[in-house]
Amino acid sequence: MICKRSIQTIALPGISVLICLIYILTGFFASNPIKPRKTIGWSWEEAYGKYGYLTCIMEDLYFKRHAVNKPQDYAAETVEAVCDRYIDENIVSDKDTRNFPDIIFIVNETFYDLHRIADFETDADYLKNIRGMDNLISGYAVSPTPYGGTNSSEYELLTSNSLQIMNSGVTPFNTIDLTDAVSIVSYLKSLGYSTLGTHTEPGINYNRIRGYNDLGFDIVKFSDQYENLDYYYKRWYETDASVYKNLERWYEEMGDGPRFLYLLTIQNHGDWKFNEAECDTVHVTQSEFGSTELTDVVNEFLTSIQLSDEAFLELTDYFKNVDRHVIVCMVGDHCPSFAGEIANIGLSSDEKALRLRETPFYIWSNYTREESDKLESVGMIYVAPLLLRVADIPLSGYYQYLLDIKEQVPIITTYGRYFDRERNCFSIGEGAYKDLVSEYFQVEYSNIVNDVRHTAFFE
């Protein structure tokens with residue numbers, strides 16, 4: 001005979017498991033779940049406060065376990081063959097390294113030229129300073145997502161890894177282990193560069209404090225280390241001009257070089273309804289956007305872009321007066337949230353999807369270079385090797401491999417498409433360059449999971 005206490009002892013674990021199962025099923029998989037599938041984005045604290053530790057920990061474990069999708073045709077032999085073709089035999093001496101230019105790499109929040117997607121006129125050229133610069137190379141970089149997702153753009157820019165093979169909903173700095181990851185940071189450090197990574201906001205945003213440290217930046221700075229920040233009237237976000245002053249100060253504190261400074265700005269972040277209309281310095285001269293409210297939003301946004309243009313000129317003026325060669329690269333991370341609303345109606349779906357992701361991309365130097373002043377539209381995975389090539393820094397086998405792919409397939413998107421040099425669009429797995437794209441994904445996967453690692457290929 002089993003006593004009552006024994007029955008209770010046996011039943012309690014079963015009841016607990018049943019309650020947990022009911023909670024998971026209703027909380028995650030019901031038609032109206034308590035918690036959406038993806039909640040941990042820019043802020044851990046916000047997600048934990050709203051949905052609780054248990055559900056967020058479960059989400060975190062799931063996405064970490066399912067972050068990267070192994071290509072169906074993956075073969076280690078394919079990766080080995082690529083590595084063997086591109087083994088870098090160049091040895092860079094300390095003397096050569098000291099003569100490398102300093103590199104300033106700026107990811108400018110929501111820096112986007114609306115003329116890429118819409119036809120309209122304004123009463124001021126909001127990019128007049130940049131357009132008039134000498135020693136400037138310009139083009140467009142294709143972001144992983146439109147409208148938002150800065151962390152995704154940062155990841156592709158820094159690592160040259162496409163998010164196409166990542167699970168939908170992955171927030172890279174939260175999910176992907178970047179310890180010892182191959183990146184422009186690790187490569188320049190291997191060449192003797194001192195490195196600094198910074199953002200004006202707290203390090204918990206998108207878990208950048210972990211991401212930047214894991215990528216190996218020697219110095220990491222966030223909001224509490226900035227001084228004398230300014231704002232444009234009622235807008236909440238620090239101006240590029242005041243942020244650049246801090247960057248210049250830190251540049252001077254880093255010694256005699258070579259130096260690599262990476263900065264993510266915040267000035268142009270949405271929304272664009274903070275200021276009164278009289279604060280705007282750029283105005284659309286047509287009323288084709290359908291409403292006064294939308295026109296006011298566009299005007300505040302374009303005014304912000306004009307401020308970025310002026311600040312970039314001030315920054316390059318500063319670097320004209322330093323006694324070292326300096327390369328400054330600035331790229332936007334994504335378009336504003338309203339861009340799709342004002343897009344030209346005559347664009348095909350593929351062309352519209354691409355243009356919404358094409359952000360301005362500039363490389364300026366304080367010395368004369370032999371280089372074309374125009375770049376084609378390229379995927380963000382190619383920006384780092386392009387920047388290194390322009391800086392005349394010897395390329396690793398991996399970066400040379402990426403530039404060779406770019407000659408045939410300059411754009412690999414995260415929405416299942418790639419584009420050739422004539423902007424012909426193909427579904428991934430189809431088209432003339434499907435094998436080349438497949439090969440890249442295999443190399444990328446091996447790189448991320450450290451399956452086939454040839455040090456000489458990456459360094």
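Visitor: How many aromatic pairs does the structure hold?
Guide: The structure, which is a predicted model, holds 28 aromatic pairs. One of them joins Phe 105 and Phe 260 in a tilted arrangement, with 6.5 Å from centre to centre and 45° between the planes.

Visitor: Where in the chain do Phe 105 and Phe 260 lie?
Guide: Phe 105 belongs to strand β1 (residues 102–108) and Phe 260 to strand β5 (residues 259–264). The pair links distant parts of the chain, as the two residues are 155 residues apart.

Visitor: Is Phe 105 buried or exposed? And what about Phe 260?
Guide: Phe 105 has 0% relative accessibility, so it counts as buried. Phe 260 also counts as buried, because its relative accessibility is 0%.

Visitor: Which cluster do ring pairs link Phe 105 into?
Guide: Ring pairs connect Phe 105, Phe 173, Tyr 212, Phe 217, Phe 222, Phe 260 and Tyr 262 in a cluster.

Visitor: Turning to charges, what lies over the face of Tyr 140?
Guide: Arg 116 does, at 3.9 Å from the ring centre.

Visitor: Now the strands. How many residues of β7 are buried?
Guide: In strand β7 (residues 358–365), 8 of the 8 residues are buried, so the strand is largely enclosed by the rest of the structure.

Visitor: Which sense does the pairing of β2 with β7 have?
Guide: Strand β2 (residues 136–142) pairs with β7 in the antiparallel sense, over 7 bridges. Within this pairing, Leu 136 has Trp 364 of β7 as its bridge partner.

Visitor: How many bridges join β6 to β7?
Guide: Strand β6 (residues 326–332) is joined to β7 by 5 bridges, and the two run antiparallel. Val 331 stands opposite Phe 361 in β7.

Visitor: What is Ser 138 in contact with, leaving aside its neighbours within four places in sequence?
Guide: Ser 138, a residue of strand β2, is then in contact with Phe 361, Tyr 362, Asp 373, Lys 374 and Leu 375. Ser 138 counts as buried because its relative accessibility is 14%, and the cut-off for buried is under 20%.

Visitor: On to helices. Which residues of α10 are buried?
Guide: In helix α10 (residues 208–215), Arg 208, Gly 211, Tyr 212 and Leu 215 are buried. These residues lie on the same side of α10, because they cover an arc of only 90° around the axis.

Visitor: What covers the buried residues of α10?
Guide: The covering elements include α7 (150–159), α8 (172–175), α9 (184–190), β3 (194–199), β4 (219–221) and β5. Just after α10, Gly 216 takes a positive phi of about 100°.

Visitor: How far does α16 reach from its first C-alpha to its last?
Guide: Helix α16 (residues 434–449) has 16 residues and reaches 23 Å, close to the 22 Å expected at 1.5 Å a residue. Just after α16, Asn 450 adopts a positive phi of about 60°.

Visitor: Which residues of α16 are buried?
Guide: The buried residues of α16 include Val 437, Ser 438, Glu 439, Tyr 440, Phe 441 and Gln 442. Among the elements that cover the buried residues of α16 are α4 (76–85), α15 (397–408) and α17 (455–458).

Conventions:
Residues are numbered from 1 along each chain as its sequence is written. This is a predicted model: local features need pLDDT of at least 70, side-chain atom pairs count only at pLDDT 80 or more; totals for chains, interfaces and linings use all residues. Side-chain values use heavy atoms; hydrogens and water are left out. Rings of Phe, Tyr and Trp (its six-membered ring) pair if their centres lie within 6.5 Å; planes under 30 degrees apart count as stacked, over 60 as edge-to-face and the rest as tilted. Helices (H or I, at least four residues) and strands (E, at least two) are DSSP runs, numbered from the N terminus. Buried means under 20% relative accessible area, exposed over 50%, partly exposed in between (1.4 Å probe, protein chains only). A charge sits over a ring if NZ of Lys or CZ of Arg is within 6 Å of the ring centre and within 35 degrees of the ring normal. Two strands pair if DSSP finds at least two bridges between them. The expected span of a helix is 1.5 Å times one less than its number of residues. Contact means heavy atoms within 4.5 Å. The arc is that of the directions from the helix axis to the C-beta atoms.
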